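Good morning, and thank you for coming. I would like to take the group through one structure today, moving from the overall layout to individual residues.

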Amino acid sequence: MDPELLERITARRAELDELEEQLVKQLAEVRAERDELAVAERVLERVSDQLADERASAALAPGQVGGRAVMLIPHRTPDVEETMLPPDYQRVLAAGPVMARQGGEMLGVDVSVRAKLEPLRGRLVRLVDRGRLRKLPDGRFTTCL
């Protein structure tokens, strides 16, 4: 056999052995990362389900303020539908751009009594704070697009 050819074969075999070691190591790293991602995905699904359950129960359950039961209004997010809001809030959202007084008339509130109109104005402001309505410069409230 030709010694030069044998030397080339041996050198190439050494290169391939080194490449194989690198690939084996890289494959192990890829598998480990894939396993970590699978665990992270399961944890994320579990936490997302828990958060969704908490949001749904919080949206429907009244809270307590000053010893009185009050309805908590969730912030506007893609997973919280307008149907989860109390009926009065849903009617205000469906009305379109309205002043507080017009909204009160629509809901059957005695708007001639300021003490009855201000709680409605507070509801509208809460809807603004939670991203469900926006207040126009002229004082009207309208739905967010």
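This is a predicted model: local features need pLDDT of at least 70, side-chain atom pairs count only at pLDDT 80 or more; totals for chains, interfaces and linings use all residues.

The protein has 145 residues, of which 19% count as buried. Its secondary structure comes to 4 helices and 4 strands. Along the sequence these elements follow the pattern α-β-β-α-α-α-β-β. As for contacts between residues with a separation of 6 or more, 39% of them join residues 24 or more positions apart.

Let me turn to the core. The largest nonpolar core has 13 residues, and those with the most contacts inside it are V92, L120, L124, L127 and L133. Which of them provides the largest share? That is α4, with 4 residues.

Now to the helix packing. Two packed helices are described by the angle between their axes and the distance between the axes. For α2 and α4, the axes come within 11 Å and cross at roughly 75°. With angles of 65 to 115 degrees counted as roughly perpendicular, α2 is therefore roughly perpendicular to α4. On the α2 side, D88, Y89 and V92 take part, and they meet R123, L124, R126 and L127 in α4. Sorted by class, this contact of α2 with α4 has 4 nonpolar residues, no polar residues and 3 charged residues.

The second pair is α3 and α4, whose axes come within 9 Å and cross at roughly 105°. That angle makes α3 roughly perpendicular to α4. Here A100, R101, G103, G104 and L107 of α3 are in contact with L117, L120, R121 and L124 of α4. By class, the contact of α3 with α4 has 5 nonpolar, 2 polar and 2 charged residues.

Let us stay with α3 for a moment. Which residues of α3 are buried? They are A100, G103, G104 and L107. These residues lie on the same side of α3, because they cover an arc of only 100° around the axis. As a general point, an α-helix has 3.6 residues a turn, so residues three or four places apart point the same way. The cover over the buried residues of α3 includes α2 and α4. After α3 comes G108, which has a positive phi, near 85°.

Finally, I come to the two residues towards the end of the chain. T142 is found in strand β4, residues 141–143. Is T142 buried or exposed? Its relative accessibility is 11%, and the cut-off for buried is under 20%, so T142 counts as buried. Setting aside neighbours within four places in sequence, T142 is in contact with G96, P97, L133, R134 and L136.

D138, by comparison, is found in the loop between β3 (133–135) and β4. At 44% relative accessibility, D138 counts as partly exposed. D138 and M99 are 39 residues apart along the chain, and their C-alpha atoms are separated by 8.8 Å.

Thank you; I welcome your questions.

Definitions and conventions: Residues are numbered from 1 along each chain as its sequence is written. Side-chain values use heavy atoms; hydrogens and water are left out. A nonpolar core is a set of buried Ala, Val, Leu, Ile, Met, Phe, Trp, Tyr and Cys residues joined through side-chain atoms within 4.5 Å. Buried means under 20% relative accessible area, exposed over 50%, partly exposed in between (1.4 Å probe, protein chains only). Helices (H or I, at least four residues) and strands (E, at least two) are DSSP runs, numbered from the N terminus. The arc is that of the directions from the helix axis to the C-beta atoms. Contact means heavy atoms within 4.5 Å. Axes are lines fitted to C-alpha atoms, for helices over the stretch in contact, and angles run from 0 to 180 degrees between N-to-C directions. Angles under 35 degrees count as roughly parallel, over 145 as roughly antiparallel, 65 to 115 as roughly perpendicular and the rest as oblique. Ala, Val, Leu, Ile, Met, Phe, Trp, Tyr, Cys and Pro count as nonpolar, Asp, Glu, Lys and Arg as charged, and the others, Gly among them, as polar.
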